[in-house]
Amino acid sequence: MVGFPILTWMLLLPLGGALLILAIPRDRTGTIRWIALGTSLGVLGLALGLLFGFDPAQPGPQFVHRWDWAPSIGAAYRVGVDGISLWLVLLTALIFPLALAASWTVEERGKEYMALMLALETGVLGVFAALDLLLFYIFWEFTLVPMTFLIGIWGGPRRVYAAVKFFLYTMAGSVLMLVAIVALWLLSRPLTGTGTFDPIWMATHLSPLLSPEAQRWLFLAFGLAFAIKVPMWPFHSWLPDAHVEAPTAGSVILAALLLKMGGYGFLRFNFPLFPAAAQELAVPIAALAVVAILYGAIASYAQNDFKRLVAFSSVSHMGFVMLGLAALNPLGVQAAILQMVNHGLSTGGLFLLVGMLYERTHTRDFGELGGLWKALPVYGAVLMVVGFSSMGLPGLNGFVGEFLALLGAFGSAALGPAARGLTAVAAFGVVLAAIYILTMLMRVLHGPLPERWRGLPDLNGRELAIIAPLLVLILFIGLYPLPFFAAMQASVQHNLSAMVPSVWALR
């Protein structure tokens, strides 16, 4: 595979599929669906090629493809993956075909829907593969357009409100990030002559020259964009509306992938570019993460809408991700990366299951559900496994990520004296998760079965095929997470080595 620009082909394939779909008459619905699904499966095949060709001992980016498209300003098309981005690229390649298969019943403007989904796949892959700040920003903003249309056109009754809110929140943070990127480029000009957008060069040559105050402001400018996307409390209010109003596939993509762009941004750019600010702000970030863990769990328990409960649970679960990142040690950061993958599998699975149930009942109100285990035993069994995964039950994937994130935070030198107190409070979020997940299972599956649900069909072959890969990975990661940690270890340690060793060493 040496010399083959596999990442570039992964980016071009869904974009080409989207353009091909736009050229097909809209009445050829079956052809459009199969082209979309086949294209995304092709991307998954290329992603598996990345996995099998990846060298876990190499800390730097691999499969790099570069083209200097604007050398006069130091801008380049440069893509690659390392142990930090590998699993997020693979998660993206897996989730999109599942989301497209779950969209098989979309009838209204199906041509445009499938084209937008494939375009969105290009954008998300580009965010995780970009090794140039300007290119990263272009892909970051590109994801905003198709997702806004997916929510605004195919969403629920309040879809326009949710789409506009999503767009404005994300754009507000993105503007500040662009200002920070331009500032870094201007600061690099005296050192390079033309300026550069290469974050690896900046981390090595420019960051040591920045004053603590400059690092703090630049960290905050990048960090606001990423905090909104995570979303960190109190920047989370766009999330429940967007999740609830989005179509099923849109909710899956939001939860499984777009939220990860925020956590990835902190790790990829904020920490290596502004190490002094990262150490200074580690405790405030961890404190906000703990608030998110508790707030998201309590808000989830208070919901009467199945989908809204899952949406608020994302705020809580991503709090564990940010707590692990704030630990600034290899254990916490590796746990955070794995937890991003875990959240994509479990919460993506929950949104798929919510959508499958809604197609049968046309309601998400817990007050109208109940007793469904009697009518849908297969659905009930799957919901229990995915729910227990989200709850963090030992033996399933969620336990591994959350437990190690707490362990990394507990021993964090960066968090100092606050480490143990923050970790103890965050651990209570696991108890709250058990409460709202078990309550959800009780309200959906147990109790008397309403008469109108007695003839509901259980999961069909297509739906089982969609959910099966998630179940396999939920069990595999829960029982044997070693390969995931092995692939990311060298890259995480290299990424954190820009900071003072005594700060990120696990104690």
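Analyst: Ala, Val, Leu, Ile, Met, Phe, Trp, Tyr, Cys and Pro count as nonpolar, Asp, Glu, Lys and Arg as charged, and the others, Gly among them, as polar. In this predicted model, the lining of the largest pocket divides on that basis into 12 nonpolar, seven polar and nine charged residues.

User: What is the volume of the largest pocket, and which residues lie nearest its centre?

Analyst: The volume of the largest pocket is about 710 Å³. Its lining consists of 28 residues, and W154, A246, P247, T248 and Y358 lie nearest the centre.

User: Which helices each supply at least two residues of that lining?

Analyst: They are α5 (133-154), α9 (238-245), α10 (248-273), α13 (306-326) and α14 (330-361). Helix α14 gives the largest share, four residues.

User: What makes up the lining of the second largest pocket?

Analyst: The second largest pocket holds about 400 Å³ of space. It is lined by 24 residues, with I200, R268, P272, H494 and N495 nearest its centre. At least two lining residues come from each of β2 (75-81), α7 (199-206), α10 and α20 (482-496). By class, this lining has 14 nonpolar, eight polar and two charged residues.

User: How do you know what helix α18 should span?

Analyst: The expected span is 1.5 Å times one less than the number of residues. Helix α18 (residues 419-445) has 27 residues and should therefore span 39 Å; its end C-alpha atoms are 39 Å apart, so the two values agree. After α18 comes G447, whose phi is positive, near 90°.

User: What makes the phi of F63 worth noting?

Analyst: Most residues other than glycine have a negative phi. F63 is not a glycine, yet its phi is positive, about 55°. This residue is found in strand β1 (residues 62-70).

User: Which peptide bonds are called cis, and what are their omega values?

Analyst: Most peptide bonds are trans. The bond joining V230 and P231 is cis, with omega about -10°. The bond from W233 to P234 is also cis, with omega near 10°. P231 lies in the loop between α8 (212-229) and α9, and P234 is likewise placed in the loop between α8 and α9.

Definitions and conventions. Residues are numbered from 1 along each chain as its sequence is written. This is a predicted model: local features need pLDDT of at least 70, side-chain atom pairs count only at pLDDT 80 or more; totals for chains, interfaces and linings use all residues. Side-chain values use heavy atoms; hydrogens and water are left out. On a 1 Å grid over the protein atoms alone, a cavity is a set of points where a 1.4 Å probe fits but cannot get out, and a pocket is an open set with protein on both sides within 12 Å along at least five of seven lines; lining residues have an atom within 4 Å of a point. Grid points are joined across faces, edges and corners, and a volume is the space filled by probe spheres set on the points.
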